[in-house]
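Please keep the model open as you read.

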Amino acid sequence: MSGTTANSNLPRRIIKETQRLLSEPAPGISASPSEENLRYFNVMILGPTQSPYEGGVFKLELFLPEEYPMAAPKVRFLTKIYHPNIDKLGRICLDILKDKWSPALQIRTVLLSIQALLSAPNPDDPLAENIAKHWKTDEAQAVATAREWTRLYATGA
Amino acid sequence: MDSEDDMQDAWGGESDGNLSNENEEEDEEVSQSNEPDYGFDDFAADDDINPSSRLPQSNYTILSEADIRQRQDEAINTITNFLSVSKMEAGILLRHFKWSVSKVNDEWFADEESVRKCVGLTATRAENRRRSQTENLKCAICFEMHPLSRMKASPGCGHYFCETCWTGYIHTAINDGPGCLTLRCADPVCGSAIGEDMVLGLVVEEDRLKYKRYLLRSFVEDNRKAKWCPAPGCEYAVELGFVSGAGSYDVVCKCSHNFCWNCLEEAHRPVDCETVARWILKNSAESENMNWILANSKPCPKCKRPIEKNQGCMHITCTPPCKFEFCWLCLGAWTDHGERTGGFYACNRYEAAKQEGVYDEADRRRDMAKNSLERYTHYYERWATNESSRAKAFSDLIQMQAVHIEKLSDKQCQPVSQLKFVTEAWLQIVECRRVLKWTYAYGYYLPNHEHAKRHFFEYLQGEAEAGLERLHQCAEKDLQEFLEGDTWQNNFNDFRTKLAGLTSVTRTYFEKIVRALENGLQDVVQGQGAQGSHVAQGSRRR
Ligand SMILES: [Zn+2]
Ligand SMILES: [Zn+2]
Ligand SMILES: [Zn+2]
Ligand SMILES: [Zn+2]
Ligand SMILES: [Zn+2]
Ligand SMILES: [Zn+2]
């Protein structure tokens, strides 16, 4: 890793987490820090099998704020996705990214939780109202739309 | 000068003939009770006499920071004894149940296990095995290995993190706000509560003060029975004992701010919180502006922009660029007007149409709005005038206490302690102005069709206004003579008797009017507004 001045006093914990993410990545997840800013990660999550996102490759960005790990990382989808807990700006409604954050959680656990969220959408705690409504009134059709979006936006990139 | 007779003249002059008997009867009592009658007509008096139209002091308690701390300690001690838990645990329980000792008790004895789980008082420890001081442990937050001496376990659950990480964790929580009072273990699935001892044992002084501040504030802010005084900069809280039957929540803070405990607006007896909220909303510019525009403007018949009429003339010219000239009454082009329509100053096209009943709904609405606007303006102006009188009286009172009392004491060779009656008079004036002010909001919402009530209300209000005027005059003008006079005046004692008497009788009258209005003027319905009968009912005091 190139040590620019901005990255010079990176906490040991972040360095260790990064090393482990690169050496033993979680299945279906890749996360690599950007060259210029070691607190900024380019993330890719494969759509889980058995989910409407299967076959898609979803890009996300993850940023570790100054207070990390006391404060949660900031994560956002860059790939368009049809999901009741993800809004059109890619923001994610996930408890561990908010009030349930604990400094003993890690980047890895956060990304695994997001992957799990793709397998199990929760329309009762929605971020995207319209999509959640769609999900609750006609799940089959909503799932079809999610598949269509996956095909349109998350494949062949 | 016989001050009492003097005042009888001043007060009794306008009273109804049929009241004079009652007044004489009162006079007899007066000589016994040493309280002269100043001519307020009694009405619907009940026998219990409240010392003030404010809530009786015993109904609420003003709490300083020290009082709050004391109450917190008492609650914690009680819970510690009842439940046989530590003080730290008692604190966690009380904060969770909003400082209600009885709620903690009830819930605990109903289901201790689920209460423990819910507040994070886990009875089981995560790691029980003994550790040697030389053992190195990995901290799950900073990922470093530390000797046991640098690690710290949460006393509730036994989860270890290094001291630096615990401190950072707690620091972050404290700076996130009062949620730090219900902080849980840093382990993501643990949920064990982190108590005061651990927090205060780790953090720096600044965080310590913040945490203690939140702890203090939680007693008021989470507590259903306590609220902070809303006066800017005031640090007292007011704890309510029980709610009086009348449902009034007016309290006076030690900072002298007089407010409604329920809605936190300024004190507003005799009107209820709902009326106050409606009235305040009504007074807000937008809602009235709409009506005003409706009453005073019409759309230009050509360009449709609202045009305001601010002069008497019916010839309106729209603003540029339109500049259309039209008649305000019929909205026709002004060029059509002249001799044929009855001259330039009357539009009989409108009159004729009106007589035929043609004038449209918009016109009728506009007329109604205009009437209701006039009615509102009537009450609002009087409400606002009394408010500015109250504010003026309040600053006079401050001035009185700061400067005049001492001056008066010098001039009249009276010890300051003997001049309390002056400040009491001014306190009463301030209070009465406030009550009077709110009677105008009351009057505004009193239905027009309730003739007997309306009649009686206006009578009471008129009496109150006149009586207060007399007191105000005496406290202002009469006092001035004694302040400005060059020498000691021997009629100062007469002045004392007069002012103290006026204060007392005005207070009594206002207490009664407040109770009558809070009662919804129920008594008048039975009596059908016959004032004589009320006097007869009310004149005897036991
Ligand atoms: Zn640590
Ligand atoms: Zn724990
Ligand atoms: Zn106060
Ligand atoms: Zn109120
Ligand atoms: Zn115009
Ligand atoms: Zn006309």
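What volume does the largest pocket have? The largest pocket has a volume of about 690 Å³. A pocket here is an open set of points on a 1 Å grid over the protein atoms alone, where a 1.4 Å probe fits, with protein on both sides within 12 Å along at least five of seven lines. Grid points are joined across faces, edges and corners, and the volume is the space filled by probe spheres set on the points.

Before going on, note that this is a predicted model, in which local features need pLDDT of at least 70 and side-chain atom pairs count only at pLDDT 80 or more, while totals for chains, interfaces and linings use all residues. Side-chain values use heavy atoms, with hydrogens and water left out, residues are numbered from 1 along each chain as its sequence is written, and chains are lettered from A and ligands numbered from 1 in the order in which they are written.

The largest pocket is lined by 28 residues, each with an atom within 4 Å of a point. Nearest its centre lie A:Asp99, A:Lys100, A:Trp101, B:Tyr169 and B:Leu183. The lining holds 16 nonpolar, six polar and six charged residues; Ala, Val, Leu, Ile, Met, Phe, Trp, Tyr, Cys and Pro count as nonpolar, Asp, Glu, Lys and Arg as charged, and the others, Gly among them, as polar.

Buried means under 20% relative accessible area, exposed over 50%, and partly exposed in between (1.4 Å probe, protein chains only). B:Cys253 is buried because its relative accessible area is 4%, whereas B:Cys255, at 32%, counts as partly exposed. B:Cys260 is buried at 0%, and B:His268 is buried at 4%.
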